[in-house]
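Please read these notes with the model open beside you.

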Amino acid sequence: MPAAHILVIESTPAIQELIALNLGMAGHQINRAADAESAMLMLEDQLPDLLLLDWNLPGQSGLSLVRRLRAQSRTRSLPIMMVTARCGEPDKIMALESGADDYMTKPFSPREMVARVHALLRRGQPAGGADAPVQLAGLRLDPGTQRVTAGARELALGRVEFKLLNYLMSHPERVHSRAQLLDQVWGSAVFLDERTVDTHVGRLRSALQPSGYQQRIETVRGSGYRFVAAPA
């Protein structure tokens, strides 16, 4: 795994040190912030390759920061991993629906944390030969420029939704189970509930709705999802 620039936003000094130490030992460059406002100042100066943050920050919460970053075009695709003591399923779902790419609860294994960070970083790396644009039914996806267009209209997709659409369009008409999509889009080292797929499919459909292409993402009851290339 190539060295990455990671911003750690954690208000508890001991946990901040633990995270920074283990990621630093894995060869990454670490910057630190103890609250959301300090982090925003750092992000204005330079975007990291990945952002790792807690939910319970002083002032603005980590969840609010995620929503704030996803609302801005400059940070919309920034990989975000939450590491927090909030372990309830509703909290996890809320964080993922708000735009977090991964969610890990405290206390955590440092080795697992590093593995998840590496899996998240790999998601942003294009695979060999994967830069060729995909075009189906008038919808065009370009991995090289990270743009999706329907005719002359450019659609705004989050990073995970872009990868999900890319995979579905690259394998049209085939039904993909939630487990298969988790493995192909999120990576086998990421431990997420299969309902995470449903959440991001919903967000993908919302992003496609202005163009009318949301109907191309079809739910196959009891099996999974597919991209419908041919008209019904």
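1. The axes of helix α7 (residues 178-186) and helix α8 come within 9 Å and cross at roughly 75°, where axes are lines fitted to C-alpha atoms, for helices over the stretch in contact, and angles run from 0 to 180 degrees between N-to-C directions. The two helices α7 and α8 are therefore roughly perpendicular to each other, a term for angles of 65 to 115 degrees, while under 35 counts as roughly parallel, over 145 as roughly antiparallel and the rest as oblique. Helices here are DSSP runs of H or I with at least four residues, strands are runs of E with at least two, and both are numbered from the N terminus.

2. In this contact, Arg178, Leu181, Leu182 and Trp186 of α7 meet Thr196, Val197, Asp198 and His200 of α8, contact meaning heavy atoms within 4.5 Å. By class, the contact of α7 with α8 has four nonpolar, two polar and two charged residues (Ala, Val, Leu, Ile, Met, Phe, Trp, Tyr, Cys and Pro count as nonpolar, Asp, Glu, Lys and Arg as charged, and the others, Gly among them, as polar).

3. Please keep in mind that this is a predicted model, in which local features need pLDDT of at least 70 and side-chain atom pairs count only at pLDDT 80 or more, whereas totals for chains, interfaces and linings use all residues. Residues are numbered from 1 along each chain as its sequence is written, and side-chain values use heavy atoms, with hydrogens and water left out.

4. Helix α6 (residues 159-170) also meets α8 (residues 195-208), their axes coming within 9 Å and crossing at roughly 90°. That makes α6 roughly perpendicular to α8. On the α6 side the contact has Val160, Glu161, Leu164, Leu165 and Leu168, and on the α8 side His200, Val201, Arg203, Leu204 and Leu208.

5. Strand β3 (residues 50-53) is covered on both faces, with Leu50 and Leu52 buried on one side and Leu51 and Leu53 buried on the other (buried means under 20% relative accessible area, exposed over 50%, partly exposed in between, with a 1.4 Å probe and protein chains only). In a regular strand the side chains alternate between the two faces of the sheet.

6. Strand β3 pairs with β1 (residues 5-9) in the parallel sense over four bridges, pairing requiring at least two bridges found by DSSP. Three bridges join β3 to β4 (residues 80-84), and these strands also run parallel. Leu53 stands opposite Ile9 and opposite Met82 in β4.
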